[in-house]
Amino acid sequence: MTGCDALSHHTGARRRVCTVRRKFSSAIGIVGLVLGLVVGLASPLASAAASHKTPAGALITQGRVLDVNGQAAAGARIRLYAEPPRTVMSPMQPGQAIRFRQVGSAVTSASGRHAIAIRSLGVLQAEANPDGIVNLEITAMVGSRSGLFVFPVQLMHAADGTLFAVSSGARRSGPVAANIRLIGLPRFSPAQPAPQCGITHLLRTSRPHWAVVGQTGAIVGGINQQFTYEKDQSSNLGIGVQQLNGKFSEQGTFPSSTNQTIPFPKLGGYITKNYKTEFQYGLYAQECAPNFTQVYRYWGGAQIQSIGAIEATYCAFYAKGTAPIWQTTRAATVGAGIGISEIGFSASAQTGWSESASVQYWMVKAGQDVCGTHGPPGSDPRIVIVGAS
Amino acid sequence: MARPAAIRGLSLSGPLSRLAAVSLGTAALLLAGCSSGGVRENGPLGNGGDPGGLCVPVPVGGVFTYGITTFTNTGSSVAVMDNVALADPDGTRLLAAYIVPITGNDIYGVRDGFPPDRNLPASVDWARHTRADGTRIPPSPAFFKFENLLVVIKSLQPIATATGIDVYYREAGQRYHFRSPIVFLLTAGTCKLNWNRGLKT
């Protein structure tokens, strides 16, 4: 027996984790069972009807579902799950499974569009990490194809106490665009009379891999530079969804926090550096969704890597002796920020969301231009470099 | 040796937490679209930019110009600047505030004394500067045309601080506010601070 049947949604109490004994490799044939299946929901939900009217409540996500050929996927069953917090996910061992809490559902319109609102965001609080971040997962399934997309939101309280959710980057509150490609095969449990959608199995974990969590640089001398990555700082690392050909494609991001401060040293000028620390990835199988891989837990370690000069053209002069600091609320995304060699998956990495990561420069010997890659130093510069390109 | 109150106030439990609280509070208001006393956040001039800090070596009585804050008017009508002020000034005084059009990629930056500095980049159109109060800012015709806010700050004590720049303005009959969330540390010594090590000077 799997024990999974008895799983219940947790409400802050201890969550039961079940051991998996089933084999999944032969389980993908029971496609018809899922069509028309409506899973009982633990919370009041608004679903987007086929007419694509905006549902009542807090609109969390909207987007389109496309089939493997890029055509609109009408009538796809969409499920929105809240992943358990890190305190529940990280202790999982390979072979164990856990049920994600379903918090919304929808069916795509004729044009493949969907929208999901949550009537009360309070339902997400039980799944929130200490920093208020909740990882939401959307699965889409139609016929024998499925897709999956993961994105974080951060729960915050307005001045009047109202709870609201902020999308990635902490700069806007609108719904997250979740465009899903039906690129994978859904999993089913052959022993079950109906799929237990939302039950997620940890198949195996990777060895630790270095992820880029920060960058600094100077193409001039006479300055000092330092990147600081404090305990509980969060980085968004890419999630891979297994495609029909077995390879992984990035479909969203997953925030992962450190549990220690990483002491990157202060450096001089004429260098550009990547700052790295290690994370472990997990390979997960979820019923009614394709396999996916995401951060399993923070590992630790510090590594500094020399890289080529970064072009930055939005500049401001900082006088001799000044020492500016940037808190990386919206740092640049590093395209191949981490590579999971075991499965040939290369994911993006972006540091942000907290004041505990910072870039600092000291104009020791002379005033210098400080330049951003995407905007001037005071307004969304992303990567900040000393010296004009 | 006892440290001056201003320095003690810059420990991690002091202004950083204040900054975080202010930033989060502002963000909460901003993101929730709330208003306070008829003044709304998140208006057509934006949110004041990214949080951060700046240490500047300034002798007591010395003056520097901070010109890092930029914005564009994304509204549909002219925005009128009402007031610019330092947030939580402690030994700092705002002497003047200017709006300068920027015609390229380079902005004013952080420079000693009053503007204009002698070595300004060509894109800082100082000839068209105005005193901030009362400046009329038309809707921006192009995304990369922006305005640079310059504030002239005087240090009144060996360690002087402020936690940001507050800007109030009107557009289409609505009053707005944004705070440029920069913690200022003005020191009569040298800047050796690191926020994450307690802003030691």
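Visitor: What makes B:V110 count as in contact with A:F317?

Guide: Two residues are in contact if their C-beta atoms, placed from the backbone, lie within 7 Å. By that rule B:V110, leaving aside neighbours within four places in sequence, has contacts including A:F317, A:Y318, A:A319, A:T322, B:L54 and B:V56. The model is predicted: local features need pLDDT of at least 70 and side-chain atom pairs pLDDT 80 or more, while totals for chains, interfaces and linings use all residues. Residues are numbered from 1 along each chain as its sequence is written, with chains lettered from A and ligands numbered from 1 in written order.

Visitor: Why is the set that holds B:V110 called a nonpolar core?

Guide: The term covers buried Ala, Val, Leu, Ile, Met, Phe, Trp, Tyr and Cys residues joined through C-beta atoms within 7 Å; buried means 20 or more other C-beta atoms within 10 Å of a residue's own. The largest such core has 141 residues, and A:I60, A:L136, A:I138 and B:V110 touch the most other members. Strand β8 (133-142) of chain A gives the most, seven residues.

Visitor: How do you know that β3 and β14 of chain B pair?

Guide: Pairing needs at least two DSSP bridges between two strands, a strand being a DSSP run of E of at least two residues, numbered from the N terminus. Six bridges join β3 (52-57) to β14 (182-187), so the two parallel strands pair. B:G52 has B:I182 as its bridge partner.

Terms used: Helices (H or I, at least four residues) and strands (E, at least two) are DSSP runs, numbered from the N terminus. A residue is buried if 20 or more other C-beta atoms lie within 10 Å of its own, exposed if 12 or fewer, and partly exposed in between; C-beta atoms are placed from the backbone.
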